[in-house]
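Me: I have just opened this one and would like to go through it slowly. Can you walk me through the fold with me asking as we go?

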Amino acid sequence: MADPIRKKGSRTTHPSDVVASRCFGLRIESHLLQVAIATPIGNDRYKITIDSLACPEPDGWLNWDGRFALVEAFETLVDRHGMQRHPIAVSLDGDFCVTRVTIGTASEVDHELTMLADRIPRYLQLGPGEKVTGSARRKIDATTDYAVTGVVNRSLIQLIYDSLRNADIEVMWVEPSLVGIARLVGEPTLWGDQPIMIADGTGKQWDVGIASSGRLLLDYRPASANSEQGLRDALDGHITRLKRFCHRHLRGVSGELKEMLICGDGTRPQLAVDAIGHDFDLQPKTLRVPELPNIFEISDEDRQSSCVPAVATVFPLLTRVQASDVPDLLVQVRRAPDLSWPQQAAKMLWPVAVASICMITSYGLVSKERRRHAGTKQGRTELQSQIVASNIKFSQLARKREQLDHFKLIEKQTTEPDWSEMLTNVTQSLPEMAKLNEFRIESGGQVLMDGTVIEESIVYEVVNTLRRLPGVTQVALKGTTPEQDTQSTRFAIRLTTKQAERPSQIGIDDE
């Protein structure tokens, strides 16, 4: 059964998004496969070697008849270099894909991408049939977005993808070759932000583009540029427009377009340099694999111009380029990776395992609840008897508490105050000019005092003093009587104690 096609925007996560022991860059042309093998040599540096296979079929292997030869070529390279389970990046020659670049504000880029989606089905230069795209978008600065979109015929990319799977190769992405070359020449130690025209002649037709800061600004593919002279004629008619385009999109942040880098097979780069000359205010020169000793080492033999696309293919794996920054042409055709028999069995049986665990857990919980309820029924009689016994104990305790409260009340009502202490407090609190004649305790805890003072005003001082005595709740002056013989005043005061405020007898409710 065929694997389901993944949704747009998804990417494979296998073999890995981390750097492994080796990385591979596979460049696919109609009649040639080139692979760049990058082996770590320490300090985040790599040793790059180049290998290639030519197609024995006259019409190439990117067609229905040559698919078996393509699979055999893939298998040969895999067996020769042990490419399985290592990060592999793939690039596709410009003869089979078109690249469109959009730069501007976020709204402008959104508008251009919408219009591009409407035009893609009418890209007749890719042949008839459905077209698929791979895109990447990122911000250049706070106000400028950059988007690159690769377009390819679905039947072609499906053939390539199926051939890779048949050879047991899982790739990170497939991107247009010119995008990778622009990324390579954009290294800061090489040309920096300077706009550079690049021309790739490794395929059947020259692929021309403009690069700056590692970004492809334009993919210009003139139909007549199938030879070195055709390339010159195409530039002769469009070089002014290309320079104007470059200046407009770079917005004056860098210099003018004055240099052209050319790569290709055999003598084609030098023939193109000679054909272009210096008539267009350009400085054409052959592009070889640049020297980047802080990233990789490569022999002089493998630095030839025809090896530039393969090195550019593996370059993003060496510099940790994120997959989201690559216009992956496999997004719409990629399927889930094939699984081994143990993995397939695990994939099929994991729902059964999860269901079994859930059923065992549920059965254990139900059994526990049943045992708990069974124990509850058996202990119900004992629990009821314990409740009855507790109620009896609480009733007995309540009756004993009522009796204790009753006895405490009787004790409070029958306790006599310490009259001797009160008499002492009264006599000590009297002023020096006052004399106590009588201290009589009456029923109910009240005390009647009779005394004599020199002046009548002292009586009120005596009253105020007595009110502050402990145990006295009320002081009432009963009257004063002047004495004619001694010129003094007799007074009568009644004290009410706390004992007097209690009920004189126990009520019926307290019995």
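Me: What is the strand order in the open sheet of 6 strands?
Reply: The order is β8-β4-β1-β2-β3-β14, and the pairing is mixed, where strands pair if DSSP finds at least two bridges between them, and where strands (E, at least two residues) and helices (H or I, at least four) are DSSP runs numbered from the N terminus. This is a predicted model, in which local features need pLDDT of at least 70 and side-chain atom pairs count only at pLDDT 80 or more, while totals for chains, interfaces and linings use all residues. Residues are numbered from 1 along each chain as its sequence is written, and side-chain values use heavy atoms, with hydrogens and water left out.

Me: Which strands stand at the edges?
Reply: Those are β8 and β14 (296-298), and each has a single partner strand, so one side of each has no neighbour in the sheet.

Me: How does β14 pair with β3?
Reply: Strand β3 (residues 45-54) and β14 pair in the parallel sense over 3 bridges, and Ile-48 has Ile-298 in β14 as its bridge partner.

Me: Which strands does α4 touch?
Reply: Helix α4 packs on the sheet and touches β1, β4 (88-92) and β8, its direction making about 80 degrees with that of β8. Contact means heavy atoms within 4.5 Å, and angles run from 0 to 180 degrees between N-to-C directions, with axes as lines fitted to C-alpha atoms, for helices over the stretch in contact.

Me: And how many of the residues of α4 are buried?
Reply: In α4 (residues 177-185), 9 of its 9 residues are buried, among them Arg-183; buried means under 20% relative accessible area, exposed over 50%, and partly exposed in between (1.4 Å probe, protein chains only).

Me: Switching to the core, which residues touch the most other members of the largest one?
Reply: Within that nonpolar core of 65 residues they are Ile-48, Met-197, Ile-198, Leu-231, Met-260, Phe-296 and Leu-318, and α7 supplies the largest share, 8 residues. Such a core is a set of buried Ala, Val, Leu, Ile, Met, Phe, Trp, Tyr and Cys residues joined through side-chain atoms within 4.5 Å.

Me: What is Phe-296 in contact with?
Reply: Leaving aside neighbours within four places in sequence, Phe-296 is in contact with Tyr-46, Ile-48, Val-289, Pro-290, Val-311, Phe-315 and Leu-318.

Me: Last topic: what is the phi of Asp-168?
Reply: Phi of Asp-168 is near 60 degrees, a positive value in a residue other than glycine, and Asp-168 sits in the loop between α3 (154-166) and β8 (173-176). Most residues other than glycine have a negative phi.
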